[in-house]
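Hello,

Please find the structure below, followed by notes on what was found in it. Keep the model open while you read.

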Amino acid sequence: MLISAEQIRARVSELAQQINRDMAGKNPLFLVMLNGAFMFAADLLKQINIPCEISFVKYASYCGTQSSGRLNKLIGLKESLRDRCIVILEDIVDSGLTMSRLLDEIKAKKPAELHVATCALKPEALNSELELDYVGFSLPNVFLVGYGLDYGGYGRNLEAIYELKS
Ligand code: 5GP
Ligand code: MG
C-alpha cells in the first residue's frame, strides 16, 4: 500500500478547507472527471461548505497501463462555462497530456477562472507545463490502483492507493 485510507482522509480534508477559503464568494462549478475522480470528488465535495455546482464529464484516454496518447471527445458538459469559476477534479495527473488537452478545451469556453485539483500527481512522469492548484499526493512513477483508479476496470472501490505489482 502506498497511501492509506487514513492518509487520504486527512489530506482530502486539508484540500477541501483550502478550496473553501480560496473559492468563497465565487460560486464555483466543479467538473468531476469520470470515471477515476468519482471517489476523490465525493469525499472532497462533502466537505465543501460554500455555494457551488457540480457536474460530471468524461474524457476517455487510458487503455490498460499505458496512456494511449490521444483523447476522445469530452462528454457530458451541458453547463455554460463562460464567466464561471471552474474547478476541475481529477484522479491523477501522469504525463499531463489529458489535463493539458482538457485545459485547452475548457479555456476555449471562456471561464472567468480555471483551477485544477488532482488527488495524485506523478512528478517524474509529467512532461507538460501545468499549473495545478491543488495536489493531494505526489507519488512515484508506478501504476497505481485504488481510490478511483482502476486496473482493467477493477480496484476503483479500494479505499487506499496501491502500487500494481505485475
Ligand atoms: P496522463 O494524460 O496525465 O498521462 O494520464 C491521465 C489519466 O490516466 C488519469 O486521469 C488516469 O485516468 C490515468 N492514469 C494515469 N496514471 C494512472 C495510474 O497509475 N493508474 C491508473 N489506474 N490510471 C492512471
Ligand atoms: Mg482520469
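**The ligand and its surroundings**

A backbone N or O atom of Asp94 is 2.9 Å away from an oxygen atom of ligand 1, which counts as a polar contact (a pair of N or O atoms within 3.5 Å; within protein, one must be able to donate a hydrogen and the other to accept it, and residues adjacent in sequence count only if both atoms are side-chain atoms). Asp91 also lies 2.9 Å from an oxygen atom of ligand 1, here through a polar side-chain atom. At Leu144, a polar backbone atom is 2.7 Å from a nitrogen atom of the ligand. On its own, ligand 1 has 510 Å² of accessible area (Shrake-Rupley method, 1.4 Å probe), and the protein covers 93% of the 510 Å².

This is a predicted model, in which local features need pLDDT of at least 70 and side-chain atom pairs count only at pLDDT 80 or more, while totals for chains, interfaces and linings use all residues. Residues are numbered from 1 along each chain as its sequence is written, chains are lettered from A and ligands numbered from 1 in the order in which they are written, and side-chain values use heavy atoms, with hydrogens and water left out.

There are 17 residues around ligand 1, and Ser95, Thr98, Lys122, Leu144 and Asp150 come nearest; a residue is near if one of its heavy atoms lies within 4 Å. The shell divides into 8 nonpolar residues, 4 polar and 5 charged (Ala, Val, Leu, Ile, Met, Phe, Trp, Tyr, Cys and Pro count as nonpolar, Asp, Glu, Lys and Arg as charged, and the others, Gly among them, as polar). β5 (85-93) and α3 each supply at least two residues of it, with the largest share, 4 residues, coming from β5. Helices (H or I, at least four residues) and strands (E, at least two) are DSSP runs, numbered from the N terminus.

**Ile106**

Ile106 is part of helix α3 (residues 97-107). It is buried, at 1% relative accessible area (buried is under 20%, exposed over 50%, partly exposed in between; 1.4 Å probe, protein chains only). Leaving aside neighbours within four places in sequence, Ile106 is in contact (heavy atoms within 4.5 Å) with Leu31, Leu81, Ile88, Pro111 and Leu114. Its C-alpha atom is separated by 20 Å from that of Cys119, 13 residues apart along the chain.

Regards
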